[in-house]
Amino acid sequence: MKTRNLLQISLLIFPLVYLFFSCSSSTTEMTFDSSKLRKASQEEVEKVVEAFILAEDGDVIEVPEGFYSFKTQLILDNKSNIQIKGQGMDKTVLSFRELKTGGEGVKLVGNEILIQDLSIEDAPGDGVKSQHVDGMTFRRINVTWTNGDKSKNGTYAIYPVQCKNVLIDECIASHSKDAGIYVGQSENIIVKNSLAFGNVAGIEIENSDNAEVYGNTARDNAGGILVFNLPGLPKSDGKGTKIYDNDIITNNHVNFATPLGEDPNGNTVTMIPPGSGIVLLAAKDVEVYNNRIHKNKTVGIAIANYHVTGFPMDAPNWSPFTSNIYVHNNDFKRTWRFPDLTKEFGQLISVYNAHGKGKTQDIIYDGFFDQSLAENILSNPMSICIDEADMEKLNFTLFDLWEGEENIKASKDYNPFVCQTEVFTDVSHLTQK
Amino acid sequence: MTRFEFRILFGVLFLGMALSCSQKTSEEIERWDPSAIVEAEWPEKSMAQIDFAGIPFKNLSDYGFFKGEVTALAPSDRVLPYAPASSLFTDYAFKSRFIWMPEGEAATINSDEEGTLNFPDQTILIKNFYYPLDFAQPEGPKRIIETRLMVKQNGIWEAYPYIWNDEQSDAAYKVVGAEKPVHWKDAAGETQVINYLVPNKNQCKSCHNANEVMVPIGVKAKHLNHTIDFSEGASNQLEKWASEGMLNGFDHPEAYPKMVDYLDSKGPLELRAKAYLDINCAHCHRAEGPASTSGLFLTYEEKDPLKLGVFKTPVAAGFGAGSFKYAILPGKADESILTYRMETNIVGAAMPEIGRVTTHQEGLALIKDWINSLE
């Protein structure tokens with residue numbers, strides 16, 4: 001898809017509307033004010049650094065109440081059965097504002113690691129990253145950035161990657177320049193009862209297997225919850241994600257992953273249009289049900305294939321297509337706000353949807369499909385199933401983008417996709433934690 | 001533009017101004033004074049009597065690696081200097097490297113394409129980081145900042161960082177890292193001042209890491225298979241090790257992989273560029289390394305253009321991607337994420353993630369030349 005023509009058309013049609021309605025909101029809301037906490041002394045700070053460096057299997061690292069400002073990374077190096085405990089999100093704060101080198105504030109490697117009851121602030125890259133951990137639990141941690149200028153914020157707040165058996169419970173992730181809670185290239189995952197706000201993406205499951213995301217609130221992000229599969233990674237194609245009982249509301253935040261007015265870069269998240277509730281991209285086996293998807297100004301659920309990115313799609317053991325999707329029993333509420341025009345994908349939805357220009361969509365499907373499986377999409381070759389009550393009252397659009405921007409087609413016809421399918425996940429072993 | 005956005009814009013401008021002001025003050029770094037140097041000699045110690053159970057010792061002088069005048073860093077008997085063909089950039093620091101193995105023990109070369117080495121237990125690698133006061137006189141007065149040790153015991157490597165005192169009489173074991181203001185006169189005669197960052201002990205493994213196991217980086221056949229000067233004359237390093245009884249089953253140099261020196265401007269551009277990327281990036285950017293998450297693999301041996309970054313989109317680069325789409329856009333070095341991340345000093349975007357606070361202009365120029373030569 002090329003932007004230029006689309007942009008010109010949309011700007012010609014809606015100059016005034018654009019000015020008045022399309023500006024996305026922004027927030028710098030803080031959960032609490034860490035500046036009121038007692039400042040830990042240099043000795044106390046070094047004691048925490050040493051506790052991480054000298055940790056032995058089975059250690060409990062207790063971090064007392066206070067504001068700890070680190071100039072170096074906290075790294076746990078391949079240890080087992082470690083508990084890192086603060087005194088509470090609003091009591092123990094690990095600040096990395098003064099960090100001068102290193103990709104993340106806290107890095108955790110090993111097995112059976114728990115981090116709980118603390119906050120992590122202002123890491124230059126990622127807040128807390130765990131890699132190659134089997135048994136990783138994040139509980140009641142708050143990871144955020146306190147910069148007024150959000151363009152200075154870091155990438156991911158809570159970032160498990162290449163992990164097994166990940167539990168993220170009652171956490172808060174806010175103001176990250178990419179995803180607040182990002183689980184990548186991992187397997188067996190629960191993200192529950194957590195809050196993600198003010199991020200570009202609230203919660204993202206990427207190239208991961210067997211994940212359940214439930215009981216969370218994703219609000220005031222540019223995109224609420226994303227399930228992606230990206231090409232060319234060691235863990236190539238992830239499958240099996242259930243997203244249920246979440247509040248996915250007013251995700252109308254400006255997409256600040258790139259500077260205002262700048263085009264998206266190669267990071268897929270830079271393309272997410274503000275006002276997106278759930279986005280599935282090259283996703284496999286995803287069930288989305290019992291969610292409250294309210295007042296996301298552009299689209300409630302977007303079912304997309306990797307084709308919409310315009311990036312190369314040649315990668316081993318990976319498919320650009322989204323397949324086997326089951327969307328049902330969700331509660332949709334639209335908004336009067338004007339859908340996004342700042343991103344190409346937003347322009348497509350705003351301008352070319354089947355219900356009228358400027359209308360928020362509840363569900364869209366970009367309409368790409370594997371042409372080796374069927375001649376046209378009406379036989380639903382990718383098994384995209386949508387089984388919502390009052391389907392006729394929802395704004396559903398099926399696009400046909402095969403012929404490019406010159407001939408974009410859109411249809412309201414949801415009938416080919418009214419079906420049921422099965423998505424399998426099993427994370428029951430993690431619920432006992 | 002709404003009033004709100006206007007306020008944001010103003011906030012950005014104001015913040016930018018405030019930051020640029022505060023940066024000026026941080027440049028006024030208190031300088032180390034060479035007159036602080038106290039002449040001292042290394043105590044006489046025999047490496048053969050080292051008590052490995054007591055490692056890490058409190059001070060560097062407790063080991064017996066060096067003899068004579070302290071800052072000369074002259075190796076004791078059987079402590080052998082080594083140098084990789086291409087070396088890692090660490091804020092223009094000079095490095096001197098040494099290896100010691102217990103007498104009668106030897107390493108072997110594995111048959112993999114890098115020629116990794118199997119070292120005997122109790123092998124010690126010693127790496128000193130220092131700055132000559134005047135780069136035009138590299139053998140002249142210098143300031144030694146840190147000495148990093150890697151010691152293999154019970155099959156496991158461990159890293160021990162030692163930080164030098166201002167008097168330059170010894171270095172002390174310190175796990176939490178440090179920040180050291182450093183200045184020198186560069187080759188062009190300009191005075192350079194930086195805040196050199198000594199990594200904390202666990203940051204060592206940010207680079208020395210294969211499948212979460214600590215490993216050495218520079219001591220592989222491909223890095224060592226070239227000639228350097230020893231006190232007894234010039235020799236191929238592998239041959240020298242073999243003749244000293246430190247290498248078993250050695251055949252002849254041609255039987256092992258060999259990497260070029262990226263500084264050798266007569267070498268082929270592609271090989272020089274890949275040698276640079278290998279020693280500066282590939283310790284993480286390989287299938288066994290911490291940056292395997294990115295799918296960007298920058299080893300000397302990598303042949304797949306996509307894995308090397310050609311038309312490869314980023315995964316978790318965040319603002320490290322700048323305004324660019326691909327790690328390498330052939331022919332367009334200035335629109336490639338690779339060069340952007342090599343050039344920037346913004347924490348979180350700068351690559352490598354640790355080990356530098358300045359840009360390696362010469363290395364950057366080499367990689368730009370290479371990318372611009374690609375079609």
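Predicted model: local features only at pLDDT ≥ 70, side-chain atom pairs only at ≥ 80, totals over all residues.
Residues are numbered from 1 along each chain as its sequence is written, and chains are lettered from A and ligands numbered from 1 in the order in which they are written.

Colleague: Which element supplies the largest share of the side of chain A that touches chain B?

Modeller: Two residues are in contact if their C-beta atoms, placed from the backbone, lie within 7 Å; the contact takes 45 residues from chain A and 44 residues from chain B. Helices (H or I, at least four residues) and strands (E, at least two) are DSSP runs, numbered from the N terminus. At least two residues each come from helix 3 (42-53), strand 3 (74-85) and strand 6 (126-144) of chain A. The largest share, five residues, belongs to helix 3 of chain A.

Colleague: How far apart are the C-alpha centres of domain 1 and domain 2 of chain B?

Modeller: Bounds come from an automatic or database domain assignment, which gives domain 1 (34-255) and domain 2 (269-373) in chain B. In their contact, 22 residues of domain 1 of chain B meet 19 residues of domain 2 of chain B. The C-alpha centres of these two domains of chain B are separated by 26 Å.

Colleague: Why is one side of strand 3 and of strand 10 of chain B left without a neighbour in the sheet?

Modeller: Two strands pair if DSSP finds at least two bridges between them. Six strands of chain B form an open, antiparallel sheet in the order 3-4-7-8-9-10. Strand 3 (80-82) and strand 10 (171-173) of chain B stand at its edges, so each has a single partner strand.

Colleague: Which residue is the bridge partner of Trp100(B) in strand 7 of chain B?

Modeller: Strand 4 (residues 94-100) and strand 7 (residues 124-132) of chain B run antiparallel and are joined by seven bridges. For Trp100(B), the bridge partner in strand 7 of chain B is Ile124(B).

Colleague: In strand 17 of chain B, what is the bridge partner of Thr108(B)?

Modeller: An open sheet of three strands in chain B has the order 6-5-17, with mixed pairing. Strand 5 (residues 107-109) of chain B runs parallel to strand 17 of chain B, and two bridges join them. The bridge partner of Thr108(B) in strand 17 of chain B is Asn248(B).
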